Amino acid sequence: MKIRQKEVLYDLLKKSPEYIDEIERNGVNNLNSESVEKIIDILLTAFTDYGLEDDEPNKYGLEIEDLIDIINDAE
């Protein structure tokens with residue numbers, strides 16, 4: 001995961017610091033399936049709230065899409 005991706009992910013997870021702690025402890029590729037589901041939910045909410053412009057992904061939305069792919073690959 002690139003530095004910018006990690007910054008965006010942690011910013012989106014700041015209200016759920018337990019997931020940040022889990023990522024720091026175990027790495028993004030070793031998340032348990034429940035954490036993956038919850039993190040994806042958080043990312044999808046952020047995508048719909050901030051990542052769309054005229055029903056198309058904006059730059060932030062594209063970053064969130066990349067994070068969704070990274071987290072999905074962890075499962």
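Predicted model: local features only at pLDDT ≥ 70, side-chain atom pairs only at ≥ 80, totals over all residues.
Student: What is the mean pLDDT of the chain?
Tutor: The mean is 95, and 99% of the residues reach 70 or more. pLDDT is the predictor's confidence in each residue, from 0 to 100.

Student: Which elements does the chain run through from the N terminus on?
Tutor: The order is α-α-α-β-β-α, which comes to four helices and two strands. Helices (H or I, at least four residues) and strands (E, at least two) are DSSP runs, numbered from the N terminus.

Student: Which helix has the lowest mean pLDDT, and which the highest?
Tutor: Helix α4, residues 59-74, has the lowest at 95, and helix α1, residues 3-12, has the highest at 97.

Student: Now α2. Which of its residues are buried?
Tutor: In helix α2, residues 17-26, they are Y19, I20, E22 and I23. They lie on the same side of α2, because they cover an arc of only 160° around the axis. The arc is that of the directions from the helix axis to the C-beta atoms. Buried means under 20% relative accessible area, exposed over 50%, and partly exposed in between (1.4 Å probe, protein chains only).

Student: What do those buried residues pack against?
Tutor: The buried residues of α2 pack against α1 and α3, the latter being residues 33-50.

Student: And what follows α2?
Tutor: G27 follows α2, and its phi is positive, near 85°.

Student: Back to E22. Which side chain does a polar contact join to E22?
Tutor: The side chain of S35, at 2.5 Å. A polar contact is a pair of N or O atoms within 3.5 Å; within protein, one must be able to donate a hydrogen and the other to accept it, and residues adjacent in sequence count only if both atoms are side-chain atoms. S35 lies in helix α3.

Student: Is S35 buried or exposed?
Tutor: S35 counts as buried, at 4% relative accessibility. Leaving aside neighbours within four places in sequence, S35 is in contact (heavy atoms within 4.5 Å) with Y19 and E22.

Student: Different topic. How many salt bridges are in the whole structure?
Tutor: The search finds three. A salt bridge is a side-chain nitrogen of Lys or Arg within 4 Å of a carboxyl oxygen of Asp or Glu. In one of them, R4 pairs with E63, with the closest N and O atoms 2.8 Å apart. That pair links distant parts of the chain, since R4 is in helix α1 and E63 in helix α4, 59 residues apart.

Student: How accessible are R4 and E63?
Tutor: R4 is partly exposed at 45% relative accessibility, whereas E63 counts as buried at 18%.

Student: Which residue does E24 meet in a salt bridge?
Tutor: E24 meets K6, at 3.4 Å from N to O. E24 is in helix α2 and K6 in helix α1, 18 residues apart.

Student: And which residue does K14 meet?
Tutor: K14 meets D11 in a salt bridge at 3.0 Å, N to O. K14 counts as exposed at 54%, and D11 is partly exposed at 38%.

Technical notes
Residues numbered from 1 in each chain as written. Heavy atoms only, no water.
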